[in-house]
Amino acid sequence: MKIVKVGMPLVLVAALAACSGNAAESGGKTTITFSYLWSGPEGEAIEKLIAAFNAGQNKITVKGVSSPDAQKQLASMSSANGTFDISDNFGNTVGSWAAKGVLAPLDDLLKGQGVDTGAFAPAAMDQMRYKGQTYALPIAVHTFQLVYNKKLLAAAGVEPPTTMDELAAAIPKLTKTDGKGAITQLGLGNPSLSTSITTLGYAYGGAWDGTEPANPAPTPGDPGNLAALKFWQDNITKKYGADKISAFKAGWGQYMSAQDPFYTGKVAMVIDGEWQAVSIPKNAPGLEWGVSPIPVARPDLDGTTQLTASTLFIPANSKHRQAAAAFLTYMVSESAARELSLALGNLPARTGLAGDPAYAKIANFDAWLAAMKSPKVRSLSSAPYAAEYATDLESAFDSVARDTATPEEAMAKVAGRASGYAKG
């Protein structure tokens, strides 16, 4: 997707004069470093936005550095002298990092820049706050839908499933084995097992962090969560055998490459994000594919999906917070956020952009846009325990998928570990 030069918002132009920092205070130009996790074409898109910002004003110079290493990122933030002034990550890191004191609170900075946090997707903003303060802003959001191979479904006489019962019935019709019982085609795959299970947990009415967003707590044993795990174990793991599934997956190509198992027809359906709308035409142009809402267990759950967010934040050890806030304001402005989301194939974090005609030109993208606006969209908490919890859930999901633990056993183990999580 071509990136065009983005105009500077008028409020930002006015605010730049108030930017501080060592160089700005002495009447010079402030140089800040934007260390970002993107690379490749995504990194190129970021650099074009940086160039547009630098060319649009004369108070701040932003130096972009592609550094796709989250451990290195956190190490810099935790040191006395950090190496960058602004960076990106995902929403579920915010609470943990804010509790550690490595993120700069943004409310006063954003107020000074005239940023309205009400313009962003509410479910995303829930992840941006810790103890009532804002510590990050969403640059893009992501929702998950059921993506399917039209030819494979038509050949099997299967309509895109809308309920969990229909999904359970579709999987065996879309799964094939050879004469030796080896799997040659799988009805439902999982680019990310954790994303698939947590999303299905919501589709069963489950809650991974309780039902009070203002007071989250790990609830791995919620009945809806257990139902999702039981669905996976009954309809995939036990039905086809963990060893045979593992052997089948060993032959899969790299995710979102031309050899991706969904692109090559080895997998008929996946639960995946909106970036596929840009990746599929590029890497599998001949694929006939469609998108439908996540199947749900009950009619009152229609429209349920999971939302995640890509964020921008300022580390607490930045020496140029005002200048970094000015650049952050530019990056989340309507014009810049629009161009970035189009380049990356991501949903805009600003709800006002959801109806922009530019997104209508991307095939099937509207399905994910609609999901973003659903009142049933859910997101995992970004509480201080989130990182530990995510790791433990991933391990537990894997044990269920490998058939080494029942859903109850796996979630009981997570619940036992959760009692020792940092509360923040």
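How many nonpolar, polar and charged residues does the lining of the largest cavity have, by class? The lining has six nonpolar, two polar and one charged residues, where Ala, Val, Leu, Ile, Met, Phe, Trp, Tyr, Cys and Pro count as nonpolar, Asp, Glu, Lys and Arg as charged, and the others, Gly among them, as polar. The model is predicted, and its local features need pLDDT of at least 70, while side-chain atom pairs count only at pLDDT 80 or more and totals for chains, interfaces and linings use all residues. Residues are numbered from 1 along each chain as its sequence is written, and side-chain values use heavy atoms, with hydrogens and water left out.

**Cavity**
- The structure holds one cavity of 30 Å³ or more, a cavity being a set of points on a 1 Å grid over the protein atoms alone where a 1.4 Å probe fits but cannot get out.
- The largest cavity has a volume of about 60 Å³, the volume being the space filled by probe spheres set on the points.
- Its lining residues, which have an atom within 4 Å of a point, are N92, D209, L380, S381, Y385, A386, Y389, A390 and L393.

**Helix α11**
- Helix α11, a DSSP run (H or I, at least four residues), covers residues 223-240 and bends by about 40 degrees at Q233, the bend being the angle between axes fitted to the seven residues ending there and the seven starting there.

**Residue K282**
- K282 lies in helix α13 (residues 276-283) and is exposed, with a relative accessible area of 59%, exposed meaning over 50%.

Terms used. On a 1 Å grid over the protein atoms alone, a cavity is a set of points where a 1.4 Å probe fits but cannot get out, and a pocket is an open set with protein on both sides within 12 Å along at least five of seven lines; lining residues have an atom within 4 Å of a point. Helices (H or I, at least four residues) and strands (E, at least two) are DSSP runs, numbered from the N terminus. The expected span of a helix is 1.5 Å times one less than its number of residues. Buried means under 20% relative accessible area, exposed over 50%, partly exposed in between (1.4 Å probe, protein chains only).
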